[in-house]
Amino acid sequence: MFLKVLLVCALFQLTAVSTSSDNSFISTTDDDGTLQPASEWNHSLTLTDSTKLSWIPRDEDIVFRLETESRAAMVCLGFSTSDQVVGADVLVAWVDDVTGKVVVKDCHATHTALEVDLLQNFELIDGYKNRTHTTIVFKRVWDTCDKNDVILGPDTIRLLWAVHEKEDRNSLQTSTLKWHGKKWSLMKSVHLISPPAIRKPKETNVKHWDIKLDNFTVPDNMDTYYWCKIFKVPPLGKKHHMIGVGEFYHDVVGLPLAEDNRSTYFMLEIHYDNPTFSKVHDSSGLRLYYTENLREYDGGILISGVTVSPLHIIPPRQPQYKTAGYCDGSCTKLMLPARGIKVVSVSLHSHLAGRKIVLRHIRDGVELPAIAKDESYDFNYQQSRVIEEGIRVLPGDELITECIYETSNRTQPTHGGYSTKQEMCLALIVYYPRTPLASCLSMSPVEFFFKTFGVTEFYNYNMSTVEKMFLKLTENQVKKPQPKSTTAPSFPKFSDDDVFDDAANQAAILKLQQMADFTVEEVESGSLLGDLIIKESLEFANKTFTAHLQNIPWEEKMLTQRIQDALNHGKHMTFCRLNDDTLAMSSQIYNFPNFTELGSKSQNNESKCINEVDLQSQQRDESSSAFLFSAQFTTTILIIILVRLL
């Protein structure tokens, strides 16, 4: 379990009975009592082996069906924007054993109880209980304008639920349901607004290839471990398209395999997060779907955001702190075709401190609607966001990847890095048509970074040397014309099962890790910073830079805000990198762009209600009706899996 919640949903008294009011979702039962919906349920999630939630997003509201293999005395389903139960928006429902009538109640969770909302916003559509199952069908508008309700929308929502088998008549209350020390079931995160989770490919002759581990022993002496292995695709003979890895790509897009009659190699990278040092054996993996019927476009993958570096700093004890990565217009102008590219999927990525991420889109100094955003990000749920119609990015457009972190319980600065205890801020973008562009990232220029913290000189190192300590990027990595080689490239030999032997595998992985996507040496966060002893300014002299960071009074809001503004809205060193690990152009230093921001209500998942004060007054006036319901090598594709163990 990732999360244990020591709360439970129990029974309380309700005198009113809901009736069905939405004929489009009135359902009938067949001979064995199974509910037959009138419409196709195009989204579903298995909560447990015996409990399933299905839903249909609509323009103004969302319709749910909760099914459990139980003659439950009561079921509870909660919606939350964080890992906390307190503040969750909770549906409570049951079917009366005597009358067969269905009862639903709209509540919110406090520290000790479920409080009944003054305004009831869960509307019953249908429900039943038979010998083996309990099923409830209900709906709710996306934004109820009720301060006790969670705004549902494109952000990640945490679901929590509980099923009660027995009624406890002594616990009945009219407006408050007290906890009795039992547990909610495990939380699960979900995107309620998205295309159906399983989209069937249009092709009929789709093949698949499984890449799996074979009882791999996860190290139990480290909390973060990256395991890598290189595989060769099955013999193909000609170009194919990979069209899915669990999730299928857009119908017009495929990622090339065996291009130009060459073999294609995959490096499977699995990130094991094992904070309790568990002893685990793993045989999991991925299933790749591919076809010889080529789709209309070759797809590409572009990474945008903040360069992974110890200079990516998130202060401690912060309820909210923002960092930003900048993809400059010069890079997109050089690398994108005249008609631009269409983005069809985005994965937003940070680590445990991440709370909100947005991929902003700027054109000609004006901000366009965000390409992707999540204002309640969950590290344990990094499902990509499919953009069915696609979003066009033109040459000269700028992209800004912003991350907001929360470090209230951390006492030391958090640095950028690959461990889950460190941080990242990235957007992984699937688009078409493919270009040679692999990443468009930025970081604070090294000298500018240290000046922001009042440091201009170190003992033993000049600033140029310090910069080289943190960067593996040099001007001679800019792509230049090369003479054609008559020597065929040398590849490691494969064994009979088409897998590199251990020695060749490790050599290839080492070569990949020396590429510039691995910008910073794999060392403990801040260790390079700990080697730097400050000479100037005199105020901080003779301290290591690590000690200097730790001594900054981060609780002073104005100081922290100035540092945040300087690092985000000041200078950015940008890197426009190609698939072959060269720079398309020399790294540049830009000032953060000035642009006309999109209105917050258009950009953010905020309540669109205009007069909430009047509404709350109206709720109080109507309290007497509270019980009425609105009733790669150049051909390598890098695949990453995150496995968290507890």
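**Figure 1. Surroundings of Ile429 in the predicted model.** Leaving aside neighbours within four places in sequence, Ile429 is in contact with Gly300, Ile301, Leu302, Ser304, Val343, Ser345, Val346, Leu359 and Leu399. The model shown here and in the following views is predicted.

**Figure 2. The largest nonpolar core and another core apart from it.** The largest nonpolar core comprises 61 residues. Ile429 belongs to the group with the most contacts inside this core, together with Val346, Ile371, Phe450, Phe453, Phe458 and Phe545.

**Figure 3. The salt bridge between Arg65 and Glu67.** Side chains of opposite charge can pair when their charged atoms come close. The structure holds 24 salt bridges, and one of them is formed by Arg65 with Glu67. The closest N and O atoms of this pair are 3.4 Å apart. Arg65 has a relative accessibility of 9% and therefore counts as buried. Glu67, at 17% relative accessibility, counts as buried too, because the limit for this class is under 20%.

**Figure 4. The salt bridge between Glu555 and Arg317.** In this pair, the closest N and O atoms are 3.9 Å apart. The bridge links distant parts of the chain, its two residues being 238 residues apart. Glu555 lies in the loop between helix 6 (545-551) and helix 7 (557-569). Arg317 is placed in the loop between strand 26 (313-314) and strand 27 (321-327). With a relative accessible area of 53%, Glu555 is exposed, because exposed residues are those over 50%. Arg317 has a relative accessible area of 36% and is therefore partly exposed.

**Figure 5. The salt bridge between Asp374 and Arg385.** The closest N and O atoms of Asp374 and Arg385 are 2.8 Å apart. Asp374 belongs to strand 30 (residues 366-374), whereas Arg385 belongs to strand 31 (residues 385-393). The two residues are eleven residues apart, and the pair links distant parts of the chain. Asp374 counts as buried, with a relative accessibility of 3%. Arg385 also counts as buried, at 13% relative accessibility.

**Figure 6. A network of salt bridges.** Five residues are shown in this view: Lys322, Arg360, Glu367, Glu402 and Glu597. Salt bridges that share partners join these residues into one network.

Note on methods: Residues are numbered from 1 along each chain as its sequence is written. This is a predicted model: local features need pLDDT of at least 70, side-chain atom pairs count only at pLDDT 80 or more; totals for chains, interfaces and linings use all residues. Side-chain values use heavy atoms; hydrogens and water are left out. A nonpolar core is a set of buried Ala, Val, Leu, Ile, Met, Phe, Trp, Tyr and Cys residues joined through side-chain atoms within 4.5 Å. Buried means under 20% relative accessible area, exposed over 50%, partly exposed in between (1.4 Å probe, protein chains only). Contact means heavy atoms within 4.5 Å. A salt bridge is a side-chain nitrogen of Lys or Arg within 4 Å of a carboxyl oxygen of Asp or Glu. Helices (H or I, at least four residues) and strands (E, at least two) are DSSP runs, numbered from the N terminus.
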